[in-house]
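Here are my notes on the two-chain model you passed along. Have it open while you read.

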Amino acid sequence: MNPYELLAAVFGLGAILTYLLGHFDRHLKTWLTLITLALATYIFLHLPNEYSLESPSLLFGIDKLSWLFGILTLGLGTIVAFALLAYPELSPNFYFMFILNIGASIFLLLSRDLVAFFLMWELMSWTIFAMILGDGGAERGRAATKYLVWSAIGAAFILFAFAILAKSTNSFEWSGIVAGISQMPSGWRVAAIALLIAGFAVKAAIMPMHTWVPDAYAESPHPFTAFLSGVLSKLGIYGIFLAFFVLSARFELVNMPKIFGTHIFGYILAWIGALTAFGASLIAIKQEHAKRLLAWSSISQLGYILFGFGIGSAIGIAGALFHAVSHALFKTLLFLILAGVIKRTGTDRMAELGGLIKKMPLSFIFAVVGGLALAGIPMTIGFPSKWLIYEAAIHQGFIFTTVLIFAASTAVFLYYYRFVFSIFLGELHANHQDVKEVPFPIWFSYILISIPIFWLGLFPGKAMQIFAEIAEQFDLPAVTNFTATTITTPLGSFNALIVGLVFFASFAFGLLLYFIGGRTRKVHQYDTFLAGEADEPVKLHYGQRFFYFLERELKPLYRISVEKIYQFVAEFTRFVADQVRKGFFCGNAQAYLYYMTIFIVILVFAIWRIKL
Amino acid sequence: MTGQILWAIFMPILVIIIGLIYMGLARKITARIHNRYGPPFYQNIIDVIKLFSKKDVANHGVMFSLGPVIAVAGMVISLLFIPIGNRPLLSFNGDIIVLLYLLVIAPLGMALGVGEGANPNGAIGIARALTLMLGYEVVLVIAAVAVMIHAGSASFMEIIRQQQGGVAHWFIWPLFLSALATDIALQAILGEKPFDQPIAPHEIASGPMVEYGGKFLGMLQIYHAIAIIVETGIFVNLFLGGGSLVWWFVKSFAVFFVALLINAVMPRFRIGQAFKFYWTYPAAIGLVGLIIVAIT
């Protein structure tokens, strides 16, 4: 049996078996999922280069790019599945959809023709819908419907673009399209690529296609949100990469008008990316629910990736791919931590949480690890990826967008601190006195994700090697000036390992100062200095409207809402349709008689014309 | 190599002492402006020694204790990454952007520590500090991008090298607007009035420092001492051409002195006003400077 068929069989059988046997035992379904994913990972790592199916004629293959995204999908999928061991209450339906979803994602990455790609894209999208919907409920139903509408719009864009590509190049295979695209009329070419990017941008949560994201993330099952944000949004990024670099690198975008040395297409993408990063991070600051905060943060970070693609230089592409990897890792970690917190406390409203560091120290430590990577502190994977994007932007002269991107990454500190403070620091609630640390499967999954976060943070060269190979494969400019620990760009250089080692030396210096000083005495959390504002210990957790003074100043910016525009379009369409309906279905029998007469006259006229 | 390692160990201690003297001089100068007598210039060194010898220090937990430790560690590592007086230690291993991110380690560690202190005053102080940071960081980045484009490099060593050969070569002349914007941002980075909202002793009881006492407060003083040198040092390296060791500290004190003079006569902005201020006037000045650099 061909390994590709075997892989498909593993996913299919795994999904069905998990569904059927999942009804008998609470834990069996998760173990079956893990076995399926382990088998799939093994087969995935041993796939031959090409595989074609005769009827229906579909083409599959693997290259460095699909390998990278496939490893992310399977690796993080397995880790999330491991964390699912702590959620036996999820229904077998969910596991069925989860396995199918990962299978569809993998075959999406492996597909080498338009039909297979689109089928897998749709399967992936529909299984997400089923998982968001879950057991139903008004809120989840609304979020799932919103997701479905957006997903359908995205799919329609993609289908339309595929139709244009297939029609103009007479080929359904990627290779044929890449070869034939230079003969296409330039108008159709640009239209197809713009449509593809718009379609993939829905899944990649790029503004203005992002409105489904906060709702869908907030309502989907908590451990699955980690996978949805960490991995599935990257499939949109994968699609944008295909559309923008694989398809358009061949047709020499250099011929297009240029701004600061970048063709106008890339320039527009960079602006959209930067505005997404900036706007979403400002909105993340004012969220009251932690899941929504992380959802907006995801949108913001995905904007960085698009920004890197838009710059389009060797450093920009490497930075964008690097950020895709690092966002996948740290956002999965942060969402899993939040899932653990919600499991133990039952809420993600930040004002109702607080002080959990005393009860869940492990979760706190990994929340800091995830936050360091999110904020882009050196030593974690978040820094080299952001650093490459900045260097690329400044080097290419993207001055205004660089400022926006920097503002966005400063805003990260604001919402990240709010996240970690409101949940883990501050005062512990009276009704959280008996909260326990998250169970073993969850905290062990934290550790598994943290290893690559630090490993690639200290040795970014390992990842850079893969990005260089990807760039080479698609004839793109590649960053070659790097070693295992150092990356050098035309602007400057960065040695990750030295930074890490020196930080530990500095930390030792800090500890030395700590031990020079006298002994300390542990005090109760209410034993604080309140400047005489309260004479008895009272609960004063600063969790609600954390940045109120900032929100007040940013009000003019917050008023800009793309959702209002959509609302307006919807209202307008409804109004027009209503008027048309009222005009035609007026309830007057005479009018209906007129319609019938006119219709018959047209019919007779048409038949008469055709006969002639 | 041995000399470099010895210097790397010796320099933080030197910088701590000089930074504490800066703080003492600041008290003296402010006092003279207010027509008071003021404490001796070495008062802050005495204060730190006193704080470290305090017994019975209140402690809210492990993260609370680690906060000041990370604050000092983060500042020391930033210090090693900026060239002080033509003596580059690790400046070849990172550039301005690396430094901007290393600079955040210290406040972030401290913020986490303050959080475990569970005092709402501390949390409000941090929230204000972060808001202020969102304000001035944009200005600082606009100016830094202008410098990087002007020099064609993000490396401190390259930027200092291009400014060698006398006062006329300093970047403050071709990049005057960027330097002005940076200096305005520096006022908030240093935490001097009118941008001392995060501390605001009369409103939120010293904000982040409210729960810290004894050796913790001593460590935060040391953190502040290093921070003054690092933050003024960035200005010296970017716009005033670095210089030999003595000259470097003279220039750094001159930058600090300007901030002090403003501090001594200004009241405090409301935090919202401060944020809005940074996103309007200094940002506009910086952007004009940036556009001029980008065009020429």
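The points below go through each chain and then the contact between them.

1. Ground rules. This is a predicted model, where local features need pLDDT of at least 70 and side-chain atom pairs count only at pLDDT 80 or more, while totals for chains, interfaces and linings use all residues. Residues are numbered from 1 along each chain as its sequence is written, and chains are lettered from A and ligands numbered from 1 in the order in which they are written.

2. Chain A, make-up. Chain A has 23 helices and 7 strands, where helices (H or I, at least four residues) and strands (E, at least two) are DSSP runs numbered from the N terminus. Its radius of gyration is 27 Å, close to the 25 Å from the globule rule for 612 residues, so chain A is as compact as a globular protein of that length. That radius is taken over C-alpha atoms, and the rule is 2.2 Å times the number of residues to the power 0.38. Along the principal axes, the C-alpha atoms of chain A fill a box of roughly 105 × 65 × 55 Å.

3. Chain A, domains. The assignment, which is automatic or from a database, gives domain 1 (252–560) and domain 2 (573–611). The C-alpha centres of these two domains of chain A lie 60 Å apart.

4. Chain B, make-up. Here we get 11 helices and 1 strand, in the order α-α-β-α-α-α-α-α-α-α-α-α from the N terminus. Chain B's radius of gyration of 19 Å agrees with the value near 19 Å for a compact globule of 296 residues. The C-alpha trace of chain B spans about 60 × 50 × 40 Å along its principal axes.

5. Burial. In chain B, 63% of the 296 residues count as buried; in chain A, 54% of the 612 do. Buried means 20 or more other C-beta atoms within 10 Å of the residue's own, with C-beta atoms placed from the backbone.

6. The interface. 71 residues of chain B are in contact with 61 residues of chain A, a contact being C-beta atoms, placed from the backbone, within 7 Å. On chain B's side, α5(B) gives the largest share, 16 residues. That side divides into 46 nonpolar, 16 polar and 9 charged residues (nonpolar: Ala, Val, Leu, Ile, Met, Phe, Trp, Tyr, Cys and Pro; charged: Asp, Glu, Lys and Arg; polar: the others, Gly among them).

7. Strand β7 (residues 520–522) of chain A pairs with β1(B) in the parallel sense over 3 bridges; pairing needs at least two DSSP bridges. Within this pairing, look for A:K522 opposite B:N59 in β1(B).

Methods
Buried ≥ 20, exposed ≤ 12 C-beta atoms within 10 Å, placed from the backbone. Contact = placed C-beta atoms within 7 Å.
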